[in-house]
Amino acid sequence: VRVVSANGMVVDENKRKFSKSLCNFVNPDEQLETYGADAVRLFILGSNFMKAEPVPVDKEGKVFVESIKTILTPLWNAYHFFTLYANAGNITARDVMNEPTHNALDEYILAETNVFVDVANKALAEYKPDIAVKEFVRFLDILNNWYIRLSRARFWDEDTDAFNTLYTVLTTVCRTLAPFAPFISEYIYKNLTGAESVHLESYPVVQQHDDKIVTDMRRVQ
C-alpha cells in the first residue's frame, strides 16, 4: 500500500497565502526561536495542514501558543512534579505497566495510558496526526488535573506505587509523543531513564488493561 501525504497552504488572517511579495509573514527562524520547534510541529500536525487544506497563521505566530499551553506545559508540569518529589525522597522508580496494581487511581491512569497509546497508533496508521494531537491534549489534562491532583498525598508520603505509576506513564507518553515533539520528549525521557535516546526506543504498543475502570472513572469525572 502506498500513501501520498499532501500538505495544505499556510495563509494569513485575510486568507492570503504567505508570500515574500506581500511580506505577510514573520521569518520562520524567529518563530522557532520564540515558540520552539516542538510547538510549531505540534501545531502543524494538529491542524488541517496535513489534509491539504489551508491553515491560517497570524503574522506574530501566536497560534503556536496553544500547543505550548495544552501539551508542552502540562507534560513539563507532570515531569517537574515527579522529579521534585522523587529527588526529595531519593526514590528510583521503575516501569510497572505489566504488573498488578494496588490502587484504583493507578489502575485507572495506566488503563487510560493504554487507551492513549491505542488512539495514537491508530491515528498514525491512518495518517491522521491531528487525531493523535487531540488525544495528547485530552490525556495530559487527565494526568495533571485528575490523577496527580488526587494522588498528591501519596507522593508526599513517598508511596512507591504512585511513583512507579507516574514514571511508567511519563516514559510511555514520551515514547508516544517523540515523533510529534522530539526535543521535549528526548530531554524528559533521557533524564528519567538514563537511556541514550527516546528515538532509539520502540514505539509503545497497547498492553492488556481493564476497559471497565476507564468507563467507570470517566463517569465519575
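## Working through rings and helices

Ring pairs link Phe-81, Phe-82, Tyr-85, Phe-155, Phe-163 and Tyr-167 into a cluster; rings of Phe, Tyr and Trp (its six-membered ring) pair if their centres lie within 6.5 Å. Keep in mind that this is a predicted model, where local features need pLDDT of at least 70, side-chain atom pairs count only at pLDDT 80 or more, and totals for chains, interfaces and linings use all residues. Residues are numbered from 1 along each chain as its sequence is written, and side-chain values use heavy atoms, with hydrogens and water left out.

**Exercise 1.** Find how many aromatic pairs a search of the whole structure gives, then work out which parts the pair Phe-136 and Phe-180 ties together.

*Solution.* 
- Start with the count: the search turns up 13 aromatic pairs.
- Next, the geometry: Phe-136 and Phe-180 pair edge-to-face, at 4.9 Å centre to centre and 85° between the planes. (Planes under 30 degrees apart count as stacked, over 60 as edge-to-face and the rest as tilted.)
- (Helices are DSSP runs of H or I, at least four residues, numbered from the N terminus.)
- Finally, Phe-136 and Phe-180 are both buried, where buried means under 20% relative accessible area, exposed over 50% and partly exposed in between, with a 1.4 Å probe and protein chains only.

**Exercise 2.** Work out how the axes of H4 and H8 cross, and which residues meet.

*Solution.* 
- Take the axes, lines fitted to C-alpha atoms over the stretch in contact, with angles running from 0 to 180 degrees between N-to-C directions.
- Those of helix H4 (residues 104-125) and helix H8 (residues 211-220) come within 9 Å and cross at roughly 105°.
- H4 and H8 are therefore roughly perpendicular; angles under 35 degrees count as roughly parallel, over 145 as roughly antiparallel, 65 to 115 as roughly perpendicular and the rest as oblique.
- On the H4 side, Ala-104, Leu-105, Glu-107, Tyr-108, Ala-111, Glu-112 and Val-115 meet Ile-213, Val-214, Met-217 and Arg-218 in H8. Contact means heavy atoms within 4.5 Å.

**Exercise 3.** Is Thr-113 buried or exposed, and what does Thr-113 touch?

*Solution.* 
- Locate Thr-113: helix H4.
- Its relative accessible area is 0%, so Thr-113 is buried.
- Leaving out residues up to four places away in sequence, Thr-113 touches Met-97, Phe-139, Val-169 and Thr-172.

Key: Helix = DSSP H or I, 4+ residues; strand = E, 2+ residues; numbered from the N terminus.
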